[in-house]
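Good morning, and thank you for coming.

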Amino acid sequence: MSGSYDDSVGVEVSSDSFWEVGNYKRTVKRIDDGHRLCSDLMNCIHERARIEKVYAQQLTEWAKRWKQLVEKGPQYGTVERAWCAFMSEAEKVSELHLEVKGSLMNEDFEKIKNWQKEAFHKQMMGGFKETKEAEDGFRKAQKPWAKKLKEVEAAKKAYHAACKEEKLAISRETNSKADPALNPEQLKKLQDKVERGKQDVLKTKEKYEKSLKELDSATPQYMENMEQVFEQCQQFEEKRLRFFREVLLEVQKHLDLSNVASYKNIYRELEQNIKTADAVEDLRWFRANQGPGMSMNWPQFEEWSADLNRTLSRREKKKASDGVTLTGINQTGDQVSQPNKHSSVSSYEKNQSYPTDWSDEESNNPFSSTDANGDTNPFDEDTSPAMEVRVRALYDYEGQEQDELSFKAGDELTKMENEDEQGWCKGRLDNGQIGLYPANYVEPIQ
């Protein structure tokens, strides 16, 4: 049949045609491919779900790390709060991606798994029931036509062989006429062989034409039966294709966060938080709480008084709640209150005030006129060696001001002065640094 013309379809039938014997196996194989494609799609969705989970974890870790860094940074104003809004966005988006992961696995993955189980039925001997049914249907539809095709091929072969023999006999007869050595009897045998060859050609041709006619008459029924089985396979494949399309649309809905209301709200809220950042307000707060806007106990002339002849601790403060200003304090700027995120035992914070009873004889006056160039170290007082005591830190302490010491639990240092009325001691680290520290953070070394 290779290279013949099929009037029913109007195309030349080639060896690759569906109608050739055995070429239906590609249609049967598509059923097995459908089962494999279901497994591949499940693996694809499973990998995507794993990616969603990892991405959600990375977002959470990123948000946690950077939120700590920003909140513990040197500044934390409205702009930094806007910065932290990105961490909040990441945490919320992380939750949404975990929901996507759950939808992919609990809905889409399970849906494909159940459909595959219902559509494909495994046999005990291997393979699927649907594949075997298609194979048996095509084989049954093709068997009668394949038998007649085999007869046609045999008749064609016999006819072509007879034609070849006839041509050879004619060629020998022609050559013998030019040979004077042949006797009449030999020439008669060659002529008889030519005649038999012609008769064989006529017989084989007739048989070939007859078998071909029978094949042509069986072809319509063959095509009808094959079409019927093929259509059943098409219907089965159509169910798979439509199911895949439905599942892929569900996956698309689960992945498309742009249509999720909560997702839109995340970025709407993020934009609002960023727009609330006020650089002017942050600068004004820093000026009032860390810059020239801070209050200062400027030195003033004071008459000597026996009642006032006392030394106040340089770290004595008034409670923030009593609203009382010490006598002699000149306000040089407006205080702007803003919660301080750093909570510590340090009493040297934003609401600091200084005692007004300054005396040239006070050793703890950091602005003593004994050094006109301002090179005097406020801790360079005459300290009696007998007062120094070795102590050991009970807890970690991080100095909150420049004149405070920092140490770790277990570190040893030297206490230079006794505890003042605010609970602070002056001490010296082993590296020579002198500063203040909370008295209850250390214990004497026995």
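**Two helices in contact**

In α1, the residues T27, R30, I31, G34, L37, C38, L41, I45, R48 and E52 meet F230, C233, Q234, F236, E237, R240, F244, V247, L248, V251 and L255 of α4; contact means heavy atoms within 4.5 Å. Of the residues in this contact, 13 are nonpolar, three polar and five charged. Here Ala, Val, Leu, Ile, Met, Phe, Trp, Tyr, Cys and Pro count as nonpolar, Asp, Glu, Lys and Arg as charged, and the others, Gly among them, as polar.

The model is predicted: local features need pLDDT of at least 70, side-chain atom pairs count only at pLDDT 80 or more, and totals for chains, interfaces and linings use all residues. Residues are numbered from 1 along each chain as its sequence is written, and side-chain values use heavy atoms, with hydrogens and water left out.

Helix α1 spans residues 25–71 and helix α4 residues 184–255; they pack at about 10°, with axes 10 Å apart. Axes are lines fitted to C-alpha atoms, for helices over the stretch in contact, and angles run from 0 to 180 degrees between N-to-C directions. Helices are DSSP runs (H or I, at least four residues), as are strands (E, at least two), numbered from the N terminus. The two helices, α1 and α4, are therefore roughly parallel to each other (under 35 degrees; over 145 is roughly antiparallel, 65 to 115 roughly perpendicular, the rest oblique).

I turn now to the aromatic rings. The whole structure holds 18 aromatic pairs (ring centres of Phe, Tyr or Trp, its six-membered ring, within 6.5 Å; planes under 30 degrees apart are stacked, over 60 edge-to-face, the rest tilted). One aromatic cluster is formed by F18, W19, Y24, F138, W145, Y222 and F230.
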